2 protein chains.
Amino acid sequence: MVETRRPIKVEEAIERLMKFSTPGVVTHVPIEQAYGNFLGEPLIADHDVPFFNRSPYDGFALRSQDTVDVTRNEPLKLEVVGEIGAGSVHDTVVGENQAVRIMTGAQIPDGCDAVCMLEMVEPIDEAGHTYILVKKKFRSGENISFRGEDTKQGTELASRGSYINPGIVALLATFGYKQVPISQRPTIGIIATGSELLDVGEPLQPGKIRNSNAYMVISQIIRAGATPLYLGQFSDHFATCFDQVKRALDKVDFLITTGGVSVGDYDYLPQIYKELGANVLFNKVAMRPGSVTTVAKKDGKLLFGLSGNPSACYVGFELFVRPIIRTYLHCVNPLTKKAMGTLGADFPKPNPFDRFVRGHVTYKHGGLVATPAGLDKSNVVSSLAKANALIVLPGGTKGYTEGDQVQIMLLEDQEGLQVSLDG
Amino acid sequence: MVETRRPIKVEEAIERLMKFSTPGVVTHVPIEQAYGNFLGEPLIADHDVPFFNRSPYDGFALRSQDTVDVTRNEPLKLEVVGEIGAGSVHDTVVGENQAVRIMTGAQIPDGCDAVCMLEMVEPIDEAGHTYILVKKKFRSGENISFRGEDTKQGTELASRGSYINPGIVALLATFGYKQVPISQRPTIGIIATGSELLDVGEPLQPGKIRNSNAYMVISQIIRAGATPLYLGQFSDHFATCFDQVKRALDKVDFLITTGGVSVGDYDYLPQIYKELGANVLFNKVAMRPGSVTTVAKKDGKLLFGLSGNPSACYVGFELFVRPIIRTYLHCVNPLTKKAMGTLGADFPKPNPFDRFVRGHVTYKHGGLVATPAGLDKSNVVSSLAKANALIVLPGGTKGYTEGDQVQIMLLEDQEGLQVSLDG
């Protein structure tokens, strides 16, 4: 019996799915290992920046009140009573007509309230003392970076779920995060189905192809921020398959199967969901490729039934699995970032359904150009090597023409998009 | 004595540097670990794709010569003599007026040269045999994907040095790379200098700041594709520092120091290069920030003297260290990708030198918009968290205005730019 499935729109599928999307737990890693993870807590400034009034220049710290009557023709002679290297402090109060040599970044000594830049004065040595001649009046606060002027203690500098890039690592170090709270990566199981599949190490056989989806999905899982756990291939025997899925669910946070979700004789997944008592959120999406993509839920765990077709599998992962991973990682923007750009080649296939085409984004004349991968049969395989985006081609047209404005999902982006902004 | 340094242009500095840039060795990892590495050899198709003539549809394989006289009104009855599931083959030659049920992707049986799609015929059961009624004439080759039509055996599908993304992993699996040749990541040592530096775990002290550069650079090294080895902070004692650098060079492929590269009293690096007998390629670059960035070479190893100023350190790394890492990884395009975009805010500072400003790229109306980080003092710290680009502002102007067209270096990009295209 061929089951009849009602296709739903992609947006509706994502909406249904995101209702069951939950954040995971927080763990800690040493700061050296923080890069490339996601912040498990907001990053908070633990102190004012600067932490003390400091000199932005190499020069001489002085008291502005000493310079009130100074002019170019009536310069003031100040005695240099000390030198402050980076990291050291001057431990006495600077008195009338005194100055202190100060390095960039050093703390302004007590008594001083301005800095004269090094290149503006010429030091004079007289009888074992050093003096400078100041030829201008200084305002109180001139050439001083004040405590807290960059950032006040307690400010949130990056939100929970932010991708930890080198800039964030610098902030984590500045604010004393020797151990960094990060979102724990979910573990995602992968089971490949298809009796035509050979493992990557096997020699080719008539009628068979090597299993590429499992390894592709492993990489997509890592790119999205999760940890893959490859559980191997399904057997051809239903009871064994059912048992494989049941056991897999104990080991993982989410489970992906590739293939076996259609309505053919060899497609066990629909029956497995049924016998598991899983709640099928959807099993047909009005999109190409990947219309048979199925998502089900069992005991709080999501099961993603991706198509066995490589492009459908790829697209199904990015549309449906990635936002679930990003939510688990506490990302504020769990959806993939979208940008408008120009279609780089004709795409003549008409289609009633929305199409998500793997493509390659380049930059031309200040804009994005997205070219579909594998339009031309003779490069269908190699063009995949370059795919870094999904080109969104809404259904109901007779195809698209080079130069059309299209929406592009940027797969290498780490900032994402809020759920509410998607549409 | 203050040494006089002659500044050279950024392009000249990169050109000098790249002359000493050499590729590293190749190693192998299991395909499960290949993602995010760089191909150590070109990826070659080890077989034709498809590997056999196959059916792109669910349907019936048949012999076109049987259908020569068929019309809608004079249909032909074919006996269905077998069924080919995915991965299985039909082991006899199909004879006159016979057909075979065939699944998508399965191998076309001997004798057949066309496929009739499933939805075009209605099977009939008669006396234990199954028949189909074909109502049109078929061309030889109709609805068949021919061996090699996607890719021929021996085709190079991705060049050496390509960043291994999920698409490339799929190709590696398809072509049997159970072990993947990858470029070995260079090990890059980091020594931080500056007596004002506290380690990230230390409480704040008057006049001191926590060392953020080392951890920032660790992250930049990982992002660029190399392995960081943090060797700690310099002592305040010259002989010890010299010894630290000498010992470090035995352990690493390249060495980065942060700070200590100016001409001040506490800047030991120039003297260390001298006593090492290192060949200083340049020690002043006509750029802001980071004009004191120094690169030297000793016994085939490059020593990068980055500034202690965090933004100068960041920029110096991306301009000079990253292309050396990418060359080591065999990348065809070792330079950072550049794109044109719109400046997202005024940048009023005039400067005689080229400026590289950390910024945040967004996409608006099909184009790139790059906004400088930390223009406004009150967000100088937090804006760093978003930096994903360097905005290139050529020198010799009175500043730049929002809306100006500018060149943007995309730091999260993995495709890069050829050396010869840079300029």
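Okay, let's start with Ser162(B), which sits in the loop between E9 and H2 of chain B. Those labels are DSSP runs counted from the N terminus, with helices (H or I) of at least four residues and strands (E) of at least two. Before going on, the ground rules: this is a predicted model, where local features need pLDDT of at least 70, side-chain atom pairs count only at pLDDT 80 or more, and totals for chains, interfaces and linings use all residues. Residues are numbered from 1 along each chain as its sequence is written, chains are lettered from A and ligands numbered from 1 in the order in which they are written, and side-chain values use heavy atoms, with hydrogens and water left out.

Back to the serine. Ser162(B) counts as buried because its relative accessible area is 18%; the cut-offs are under 20% for buried, over 50% for exposed and partly exposed in between, using a 1.4 Å probe and protein chains only. If you skip its neighbours within four places in sequence, Ser162(B) is in contact with Asn37(B), Phe38(B), Leu39(B) and Ile168(B). Contact here is heavy atoms within 4.5 Å.

Now, the interface. How many residues of chain B are in contact with chain A? It's 81, and they meet 80 residues of chain A. The area buried between the two chains is about 6,500 Å², with 63% of that from carbon and sulfur atoms. That buried area is the accessible area (1.4 Å probe) that two parts lose on being put together, summed over both.

One to click on joins the side chains of Asp199(A) and Lys178(B), at 3.9 Å from N to O.

Which elements supply at least two residues each to chain B's side? Among them are strand E9 (156-158), helix H2 (166-174), helix H3 (213-224) and strand E21 (354-364) of chain B. The largest share, 9 residues, comes from H2(B).

Let's go inside. The largest nonpolar core has 144 residues, and Phe304(A) and Phe304(B) touch the most other members. A nonpolar core is a set of buried Ala, Val, Leu, Ile, Met, Phe, Trp, Tyr and Cys residues joined through side-chain atoms within 4.5 Å. Not counting residues up to four places away in sequence, Phe304(B) touches residues including Leu17(B), Phe254(B), Thr257(B), Tyr273(B) and Phe320(B). There's a second, separate core of 28 residues, which includes Val361(A), Ala370(A), Ile408(A) and Ile391(B).

Over in chain A, Thr257(A) is in strand E15 (residues 254-258). Thr257(A) is buried, because its relative accessibility is 2%. Its contacts beyond four places in sequence include Ile191(A), Tyr273(A) and Phe304(A).

In chain B, Val406(B) belongs to strand E24 (residues 405-410). Val406(B) is buried too, at 2% relative accessible area. Past its close sequence neighbours (within four places), Val406(B) is in contact with residues including Ala339(B), Met340(B), Ile391(B) and Val392(B).

And Lys338(A)? That one lies in strand E20 (residues 338-343) of chain A and is partly exposed, at 21% relative accessibility. Lys338(A) and Ile408(A) are 70 residues apart in sequence, and their C-alpha atoms are 5.4 Å apart.

Last stop, backbone geometry. Most residues other than glycine have a negative phi, and most peptide bonds are trans. Here, the Val49(A) to Pro50(A) bond is cis, with omega near -5°, and the Val49(B) to Pro50(B) bond is cis, with omega near -10°. Pro50(A) is in the loop between strand E2 (43-44) and strand E3 (59-62) of chain A.

As for phi, Ala127(A) has a positive value of about 50° without being a glycine. Ala127(A) lies in the loop between strand E7 (124-126) and strand E8 (129-134) of chain A, and at 81% relative accessibility it counts as exposed. Asn143(B), another non-glycine, has a positive phi of about 60°.

Methods
Salt bridge = Lys/Arg side-chain N within 4 Å of Asp/Glu carboxyl O.
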